[in-house]
2 protein chains.
Amino acid sequence: MKRTRPSSRISRRVLLSTAAVLPTLPGLLSPTAARAQAPAGALPSWNDGPAKQAILDFVRATTDQTSSSFVPPENRVATFDQDGTLWVEHPLYTQAMFALDRVRVLAATHPEWQNQEPFKAVLSGDLAAVAHFTEKEWTEIIGATHTGMSNDEFLEIAGQWLETAKHPRFKRFYTELVYRPMIEVIDYLRANGFRTYIVTGGGQEFVRVYSQRVYAVPPEQVVGSSIVTKYEMRDGKPVLMREPMVFFIDDHNGKAIGINLFIGKRPYASFGNSDGDREMLEWTGAGAGARLKMLVYHDDSAREYAYGPAGGLPDTKVGTFSDSLMVEAKAQGWTVISMKNDWKRLFSFE
Amino acid sequence: MKRTRPSSRISRRVLLSTAAVLPTLPGLLSPTAARAQAPAGALPSWNDGPAKQAILDFVRATTDQTSSSFVPPENRVATFDQDGTLWVEHPLYTQAMFALDRVRVLAATHPEWQNQEPFKAVLSGDLAAVAHFTEKEWTEIIGATHTGMSNDEFLEIAGQWLETAKHPRFKRFYTELVYRPMIEVIDYLRANGFRTYIVTGGGQEFVRVYSQRVYAVPPEQVVGSSIVTKYEMRDGKPVLMREPMVFFIDDHNGKAIGINLFIGKRPYASFGNSDGDREMLEWTGAGAGARLKMLVYHDDSAREYAYGPAGGLPDTKVGTFSDSLMVEAKAQGWTVISMKNDWKRLFSFE
């Protein structure tokens, strides 16, 4: 389902210097336009700079009735990728961590898994093998851990896991590993009349388990990947059973398709961090008027991780930020957020 | 995709007498519960009776903070079928009328259709044949008229048609043929904090063309059937192209599935008029607390049409209200709205 882009011939070295230059590029609006003063207290975890300024300029342009870019409140839609954009995605997507833990729990009733890949690798703690699981192997893991129960049962299981599981490096609940600066952007946009949607390549139902609590984003504003569900009667009551079959992949092209399918309006602002978000930003940018397109760039190995053109981490297929994405970001005038330079602090617990 | 129910052995005659009794059945709440007085001016196009009372009782029970059935505003979701529930669906679904008109327009560039079924029947005005088109024949008609253009182009074409086409009997624009009493219910629920969704077996994008204008229901609150769309670049700009392939059928089982997929919350109130709405009402009724489940029953051949157990019209596959649906409505305590007895007036233009 993933569209392959022609790989760029531009070397990582060139891109790294490009990236270093990006933060000094002008923001969304013309550099000659008067810059709005930051409303007192807005975006406190952001350092002053082009990324913060782009957000402030965008909000002013779209909410000031005298602006030519004014957007009526009913059309104010902002979309956010989740993994790597709103919370930590390394060393593996949180939902993958959940799936691996579920394999360990379910192994008690699946003795055959001890000698059967890909389960064997999980159970023996072979993390190197896990890091190189193919899509087919992940499909087996997801099938064994995410299907065969009702949707309500799944929500319950995932909810319980999130209350106990902790991130291997930060030793914190996964829901604590949301980026404070991004929560501030969500709140700031919402305070200015925007409806904020999560548009995730991850499982729609998994994200719904905590989106209200963590982001104040209700279930109906979560667009994600999904599997087939089947309507069945159980003891005279209807249930939706989760089937081992993909229904919709909300990633790459699927993000633009999913936005149209679920929202039916083109976003005025969208935020991503990887190749999977490219089409969402393209789709956003193709609309008229002021449109905010931002990419979170993981260049902070000290406080979090550095990957993509910033290098540093082996490719674990998480949050791929290709050279060509950086090229397109520059060509299209998308704003790249440097985690290292633009964010004063990363997490609320700091 | 349609689940087949075992056909009921109960004769139409028995059902007709059942239907005659239904309006005297108690509403949603216990008959011993004190009945709320109708707020002055609420639901003016409804005659006093159990259907109107069921709506008033439900709203009081779910919005009164002292009620054991109080529902916090964020969970107040109401879902409405469209064809036959919110507007006239006879002699054919409006979207089918649109498709037939499109065949006539597109015939200019398709000379071969003059001798090719199912197009030939449409072009020669053989309405009897059209009334008996199979699903396969409709699929061909929909494929020829609803796909092969971008989604934006489709919205434009459908919008233009709605501004000119008129209903063969009422000689009114289709958007004028919405039921005034149902608009009042939508408004009344919305005034009481409910978010109102359309959940239609019809095309999601077709309904989005007019849902805001006609029902004040925005695109993101329209759940419907959809075809596959494809993300493509045209002159450097992304478009979503409509492909001749079904993506999701939001009917029967699909309505419960679609509600969970798009909304992620179980409705507290739902309104339908045909077998295709059965699972939506079951899904609504399976939730705890006060739940309003209503079926619009077309028994008014003078002001509109009489069909289903009320008989009168030949089966055109539109809005099938089977005997078994009436049996289930009675067994489950769903409220049947008699168009003839419960509605003072049908349309705003009357």
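User: Buried area is the accessible area (1.4 Å probe) that two parts lose on being put together, summed over both. What area do chain A and chain B bury between them?
Analyst: The model is predicted, and the value is computed from it. The contact draws 36 residues from chain A and 36 residues from chain B. Of the area lost between the two chains, 58% is on carbon and sulfur atoms. The total that chain A and chain B bury between them is about 3,000 Å².

User: Which three residues supply more than any other three of the area that chain A buries against chain B?
Analyst: Several elements contribute to this side of chain A: α7, β2, α9, β3, β4, α10 and α11 each supply at least two residues. The three residues in question account for 22% of the area that chain A buries against chain B. They are Glu220(A), Tyr231(A) and Leu261(A).

User: Which residue of chain B meets the side chain of Glu220(A) in a salt bridge?
Analyst: Between chain A and chain B there are 18 residue pairs in polar contact, and the salt-bridge rule finds four salt bridges across the interface. Such a bridge requires a nitrogen-to-oxygen distance within 4 Å. For Glu220(A) the N to O distance is 2.6 Å. Its partner is Arg195(B).

User: As by what kind of axis are the two copies related?
Analyst: Chain A can be laid on chain B by a turn of 180 degrees and a shift of 0.0 Å along the axis, with an RMSD of 0.0 Å. The two copies are thus related as by a two-fold rotation axis.

User: Which residue of chain A comes closest to the rotation axis?
Analyst: Of the interface residues of chain A, 100% are also interface residues in chain B, so the copies meet through the same surface. Judged by C-alpha position, the closest approach of chain A to the axis is 3.3 Å. The residue at that distance is Phe262(A).

User: Which are the edge strands of the open sheet in chain A?
Analyst: Seven strands form this sheet in the order β4-β3-β2-β1-β5-β6-β7, with mixed pairing. An edge strand pairs on one side only, and in chain A this holds for β4 (237-248) and β7 (335-338).

User: Which strands of chain B does α10(A) touch?
Analyst: Chain B also has an open sheet of seven strands with mixed pairing. Helix α10(A) packs on that sheet, and its direction makes about 145 degrees with that of β3(B). The strands touched are β3 (222-234) and β4 of chain B.

User: In which loop of chain B does Pro91(B) lie?
Analyst: Most residues other than glycine have a negative phi, and most peptide bonds are trans. The bond from His90(B) to Pro91(B), however, is cis, with omega near 0 degrees. Pro91(B) lies in the loop between β1 and α3 (94-106).

User: What value is phi of Asp235(B) near?
Analyst: Asp235(B) is found in the loop between β3 and β4 of chain B. Although this residue is not glycine, its phi is positive, near 50 degrees.

Methods:
Residues are numbered from 1 along each chain as its sequence is written. Chains are lettered from A and ligands numbered from 1 in the order in which they are written. This is a predicted model: local features need pLDDT of at least 70, side-chain atom pairs count only at pLDDT 80 or more; totals for chains, interfaces and linings use all residues. Side-chain values use heavy atoms; hydrogens and water are left out. Two strands pair if DSSP finds at least two bridges between them. Helices (H or I, at least four residues) and strands (E, at least two) are DSSP runs, numbered from the N terminus. Copies are superposed by least squares on the C-alpha atoms of residues with pLDDT of at least 70 in both. Contact means heavy atoms within 4.5 Å. A polar contact is a pair of N or O atoms within 3.5 Å; within protein, one must be able to donate a hydrogen and the other to accept it, and residues adjacent in sequence count only if both atoms are side-chain atoms. Axes are lines fitted to C-alpha atoms, for helices over the stretch in contact, and angles run from 0 to 180 degrees between N-to-C directions.
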